[in-house]
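Open the model in your viewer and keep the selection tool at hand. We will go stop by stop.

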Amino acid sequence: MRAGYDWLTSPSWVLALLAGALAEAGRHGEALRTLAEARSAQRAGVRRPVLDDAIGFERAVVLAHAGDRSGAAAQALEVADRAEAGGRLPAAIAALHLAARATDAAPSAARVQRLALRCRAEEARLQAEQVRALARGDAEALVAVAGRFRSLAALPAAAEAAEQAGRVHRAAGRRRKGRLASAAAQELCARFGGALPPWAEPGERGTDATAALTTREREVAALAAGGLSNREIADRLVVSVRTVENHLHRVYHKLGVVQRAALSELLVTRPVPEGGDAGAVGAGRTAQTGRAARPRPRPAGGEERGRCAMCAQPLGSAG
């Protein structure tokens, strides 16, 4: 951020990427606050369609990880509409891909297939195949998608597709195949040092205490938990102080709290994995946001590692 900017590394885009990474690391309150900062910087800067797509996509990522799946899907569909209208097909497919994974794949299946026929980007076409397989409940197709993601070294995406295959197998009573697919997913997670996104995790999950909050209520709560005053929140979100007060009143009522100090604990629904590091988060960013680097030869030792999206250096390398 301090090194200066060009059109690609605007402060809003950098902050939006950071917000998405924080959300994937389980730091949801901090992610929401960083996202609000990114959107404030976006309003203050020059608007560009590509950057608007990217920032809107990261907002959907943050909302999905923070538990607002319907809000995430609505935001992703908004990005998809804008990107498709502008001919930015990979961005449109990536947004539909996120919406399908976080909520229901069926509404996006036909549209993503139509876009994929006009798009040459290999990863975008693979994302479209995953959406169609999810909509059909085709476990074998999901296994094939996982294998192709793995060949691209997109291990987080491969792990998620494998777990989706396991879920479909178990729903159809094919328990052995379900266990094998889930085991493959966990092996892939171990290789890149991360975890499945919350919507793909196996087993029953407890109810998120913040699930009843709307997207705007969630954002206001996160900013309040971060220590901002009502006036500062209003300035950040470009709303009135009275609107902020009303949102906070509803947040307190829904969550059963009476002061801001209690909000921080409720906004963090999944802790950062013990031993996790920036490299693990970076590996997840590439495959889960639809911006994977082009396939590269494996290192001599055969280890698959993430690479920086800007400089293509292996994550964790010196310099």
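Which helix is the place of Asn-230? Select residues 230-237: that is helix α12, and Asn-230 is in it. This is a predicted model.

Stay on Asn-230. Is Asn-230 buried or exposed? Its relative accessibility is 18%, so Asn-230 counts as buried; the cut-off for buried is under 20%. Now show what touches Asn-230. Leaving aside neighbours within four places in sequence, Asn-230 is in contact with Val-241, Val-244, Glu-245, Leu-248 and Arg-260.

Next, a pair of helices. Select residues 106-116 for α6 and residues 122-136 for α7. The two helices pack at an angle of about 150°, and their axes are 8 Å apart. That angle makes α6 roughly antiparallel to α7, because the cut-off for this label is over 145 degrees. The crossing of α6 past α7 is left-handed.

Show the side chains where the helices meet. On the α6 side, pick Ala-106, Ser-108, Ala-109, Val-112, Gln-113 and Ala-116. On the α7 side, pick Arg-125, Ala-128, Val-131, Arg-132 and Ala-135. By class, this contact of α6 with α7 has seven nonpolar, two polar and two charged residues.

Last stop: colour the chain by pLDDT. The mean for the protein chain is 81. Of its residues, 78% reach 70 or more. Now select residues 269-284, where pLDDT stays under 50. The model has 29 contacts beyond four places in sequence for this stretch. Then select residues 286-319, where pLDDT also stays under 50. Here the model has 55 such contacts beyond four places in sequence.

Terms used:
Residues numbered from 1 in each chain as written. Predicted model: local features only at pLDDT ≥ 70, side-chain atom pairs only at ≥ 80, totals over all residues. Heavy atoms only, no water. Axes fitted to C-alpha atoms, helices over the stretch in contact; angles between N-to-C directions. Helix = DSSP H or I, 4+ residues; strand = E, 2+ residues; numbered from the N terminus. Parallel < 35°, antiparallel > 145°, perpendicular 65-115°, else oblique. Left-handed = near helix turned anticlockwise from the far one by under 90°. Contact = heavy atoms within 4.5 Å. Nonpolar A, V, L, I, M, F, W, Y, C, P; charged D, E, K, R; others polar. Buried < 20%, exposed > 50% of the residue type's maximum accessible area, 1.4 Å probe, protein only. pLDDT = per-residue confidence, 0-100.
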